[in-house]
Amino acid sequence: QVQLVESGGGLVQAGDSLRLSCAASLRTFSNYNMAWFRQAAGKEREFVAAINWSGRRTYYADSVKGRFTISRDNAKDTVYLQMNSLKPEDTAVYYCAAGGVYGSQIPSSYNYWGQGTRVTVSS
C-alpha cells in the first residue's frame, strides 16, 4: 500500500522557517518525480515546488522562489521542503505528491498524495 506521510507543519511567525518532510512507502521511490502543493482555506490546491527523480532538477512557483527549497533523500525515501522567510500568505495545508511528469503544476497528474500538514504563519 502506497503511503505518503507529511510532517513538520506548525504555527510560526512571519519571517520564521520550517522544514516539511514527506516519508514515502513507494517500492521504487527513486523512480518518482515528487512535488509539494498547498491549499489555503477556500482556495484551490496550488503548486509549490517539484523535484525530479534524481534530485538534480527542481522547479518552483514564482510565489516561493528564493524562499523555499525542495530536496530529496532517495536513501531515506523522503522529500523535504525547506521554507524560509515565511509570510502569512504561505498559510495553508501542504501536501506532497508522487508521480506524474516532472514539474507538472496540475494536481490530477500526480498518482499519490499524502494527507497534508498544516502550516500557519502569523503576522
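**A salt-bridge network and the nonpolar core**

The side chains of Arg 38 and Asp 90 are joined by a salt bridge with an N to O distance of 2.9 Å, a salt bridge being a side-chain nitrogen of Lys or Arg within 4 Å of a carboxyl oxygen of Asp or Glu. Arg 38 belongs to strand 4 (residues 34-39) and Asp 90 to the loop between strand 8 (78-83) and strand 9 (92-98), so the pair ties together parts that are 52 residues apart in sequence. Strands (E, at least two residues) are DSSP runs, numbered from the N terminus. The model is predicted: local features need pLDDT of at least 70 and side-chain atom pairs count only at pLDDT 80 or more, whereas totals for chains, interfaces and linings use all residues. Residues are numbered from 1 along each chain as its sequence is written, and side-chain values use heavy atoms, with hydrogens and water left out.

Asp 90 also forms a salt bridge with Arg 67, at 2.7 Å from N to O. This second pair links distant parts of the chain, since Arg 67 is located in the loop between strand 6 (58-60) and strand 7 (68-73), 23 residues from Asp 90. Asp 90 is buried because its relative accessibility is 0%; buried denotes under 20% relative accessible area, exposed over 50%, and partly exposed in between (1.4 Å probe, protein chains only). Arg 67, at 11%, is likewise counted as buried, as is Arg 38 at 5%.

A further salt bridge connects Arg 38 with Glu 46 (2.6 Å, N to O). Glu 46 has a relative accessibility of 36% and therefore counts as partly exposed. Together, Arg 38, Glu 46, Arg 67 and Asp 90 form a network of salt bridges. The count of salt bridges comes to four.

The largest nonpolar core contains 35 residues, and those with the most contacts inside it are Trp 36, Val 79, Leu 81, Met 83 and Tyr 94. Such a core is a set of buried Ala, Val, Leu, Ile, Met, Phe, Trp, Tyr and Cys residues joined through side-chain atoms within 4.5 Å. At least two residues of this core come from each of strand 3 (18-24), strand 4, strand 5 (46-51), strand 7, strand 8, strand 9 and strand 11 (117-122). Not counting residues up to four places away in sequence, Met 83 touches several residues, including Leu 18, Leu 20, Arg 67, Phe 68, Tyr 94 and Val 119, where contact means heavy atoms within 4.5 Å.

Ser 108, in the loop between strand 9 and strand 10 (112-113), is exposed, with a relative accessible area of 67%.

Key
Helix = DSSP H or I, 4+ residues; strand = E, 2+ residues; numbered from the N terminus.
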